[in-house]
Structure formats: structure tokens, C-alpha cells
Amino acid sequence: MLQSIDQLHLLVLNVGLAIHNADWNWKNVNSPFTRLYYINEGIAKLKTPSGIHELKPNHLYLIPSFMLHSYICDSHFSHYYMHIYEDHQSESSFLEDWNFPFEIPASKLDLALFERLCDINPAMGLPQSDPTTYDNSPTLIQNIIRNKQRTFSVKVESRGIVYQLVSRFLKEAKPRIETKDTRIQKTLSFIRKKLYEPTDINILSEITNLSKDHFIRLFKKEVGTTPLQYINQKKIEKAQLILITEDMPVKNIAYMLGYEDHSYFIRLFKKTVGITPLEYRIKFSKV
């Protein structure tokens, strides 16, 4: 879990104001970045695995990365949007480690913050709202380049605004994995730091001073899955982000994540995501 604000490094891909007239109806959207919305006016709906939610004016909404969802809009609707992600090389992941509330009431200050963020970052808006036009490798890379080319003063002010908006959700956030066992907490922290290295369950069990079998049983009890399943899931999620934001061969990504057998990595990726890494990259490269 995040222990210090110094470990918090949120990066913004896009920010802007979107105005719709019954044309915000994209289905099965699934992206490797987190979305933050401020609803300006009108009403739309968001379909998630937990049900259909009405998006109301003067409220903030946070949609986690990798959450499959669909948009439903049959009238006039406008909202400010912000797409956030974290550097894939970061040892901690603020957005992944916490469960945030989906909806919170917004204030006039939140609206002013979004307006200011858009004003100082005019090049980071999306030309259109269709996810297939911005959930793709070329566009994401262009956005990252634009992000880095901003002046230092704009970067500082933007980061301050982003942190303020995200902090609204942090007040009611809870750890995604709630474990009171300090041995498992220590293990999860170790896994995060060593995600780019080969998996060794023996080392993990040694950290907890437990036998391998006892450690696996305790981990599954606390986390809900086996250590190997958990590690592979996190590695595949990291691979999805790298595939979209980096122009790196699939074999190199496999090696980077500690898989010496890239064929095994491809099979595991397909089992987890439903398509191969190359198919995933091609899918998100369609404009």
C-alpha cells in the first residue's frame, strides 16, 4: 500500500469538456487507465458489472482501469473528463491498491479546478469521444509526449489540481486487499517491488517465516487467490499498459516482466485477457 505522498505519481493522458446529444453510447469499454468525470449538465448512465448507475450533475465519478463498462445517453449531456495512469515502472500503485467510491458530490471548487486544468492544458483534449479513437497506441503515445513537453509551471499547477480532485475520493477509499496479517502485507509490498522479476514462491514463504504450503494457504485466505495467480494477474495488467503506451516487442515485454519463456507469457496473456498480446495491441491501434 502507498505509505508516502512521495510515492504518488499520477500522470494525465487527457483532460477536457465533452458535450453530447444522445451520442455517448459506447459499449464494452475497457482501458488501462482510470477515468475521472465531473458531470456538468444533463443525465446519462453508466453500466458496470455492479449494475446501471445514473450520472448526475454536480457529482464526481471515478471509473477504475480495466473495469468493463458501457455508456448510455439518450439526451443532451456534458461532462469534464480526465484520464489518469501511473508510470508502469513505479514500485507502488496508488490507483490499483485502493477501492475508491464510485460517486461523490462535487463542489464549485471542483468545477473551477476542472475548468482551470482544461484552460492550461488545451492540447490534451480529445477531438472526439469514441474510445476507439483514443484507446490506442499511437494516440496514447502522442498524449504522453505532449504531457512531457508542457512547461514546468504548467506541470506543477496541473499536478496540484489533479491531486486535489483525486483527494476527494481518497477520503472514503479503502485498501483493495484488506488483510490484517502483517506477514501478507509485507508479502504484497515485496511482490509490488519485484513484479519485474521471475516469481519464486519459496522466497515469498521465507519472508513470512512460514512453510511453503502454510504460506500459500494463508495468502489465499487473506487475498482470495493463490500467490501465483495474484502475481500473474498483476503482471498481465502491467503488460496491457505497456502494450498500449510503449512501442516494445511482445518478447521484450515478457522478459521485462520476468517470463523467460515468452510463449508461456503469450498463452497466459490470452487465457487472462481473451486475446494474444499482439491482438490486444492491434485492437487498440485501430483509429
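Asp 181 is buried, at 14% relative accessibility, where buried means under 20% relative accessible area, exposed means over 50%, and partly exposed lies in between (1.4 Å probe, protein chains only). Its partner in a salt bridge is Arg 183, at 2.9 Å from N to O; a salt bridge is a side-chain nitrogen of Lys or Arg within 4 Å of a carboxyl oxygen of Asp or Glu. Arg 183 is partly exposed, with a relative accessible area of 33%. Side chains of opposite charge can pair when their charged atoms come close.

This is a predicted model, in which local features need pLDDT of at least 70, side-chain atom pairs count only at pLDDT 80 or more, and totals for chains, interfaces and linings use all residues. Residues are numbered from 1 along each chain as its sequence is written, and side-chain values use heavy atoms, with hydrogens and water left out.

The structure holds seven salt bridges. One of them joins the side chains of Arg 168 and Asp 110, at 2.7 Å from N to O. This pair links distant parts of the chain, 58 residues apart: Arg 168 lies in helix H4 (residues 152–170) and Asp 110 in helix H2 (residues 108–120). Helices (H or I, at least four residues) and strands (E, at least two) are DSSP runs, numbered from the N terminus. Arg 168 is buried, at 19% relative accessible area, and Asp 110 is buried as well, at 2%.

Another salt bridge is formed by Arg 116 and Asp 119, whose closest N and O atoms are 3.2 Å apart. Both are in helix H2, and because they are three residues apart, about one helical turn separates them. Arg 116 is partly exposed, at 36%, whereas Asp 119 is exposed, at 54%.

Now to the nonpolar residues. A nonpolar core is a set of buried Ala, Val, Leu, Ile, Met, Phe, Trp, Tyr and Cys residues joined through side-chain atoms within 4.5 Å. The largest such core has 30 residues, and Leu 10, Met 82 and Phe 114 touch the most other members. Among the elements giving two or more residues to this core are strand S1 (10–21), strand S7 (76–86), H2 and H4. H4 gives the most, with seven residues.

Which residues does Met 82 touch, not counting those up to four places away in sequence? They include Val 12, Leu 36, Phe 114, Leu 117, Val 162 and Leu 165, where contact means heavy atoms within 4.5 Å. In soluble globular proteins, nonpolar side chains tend to be buried together.
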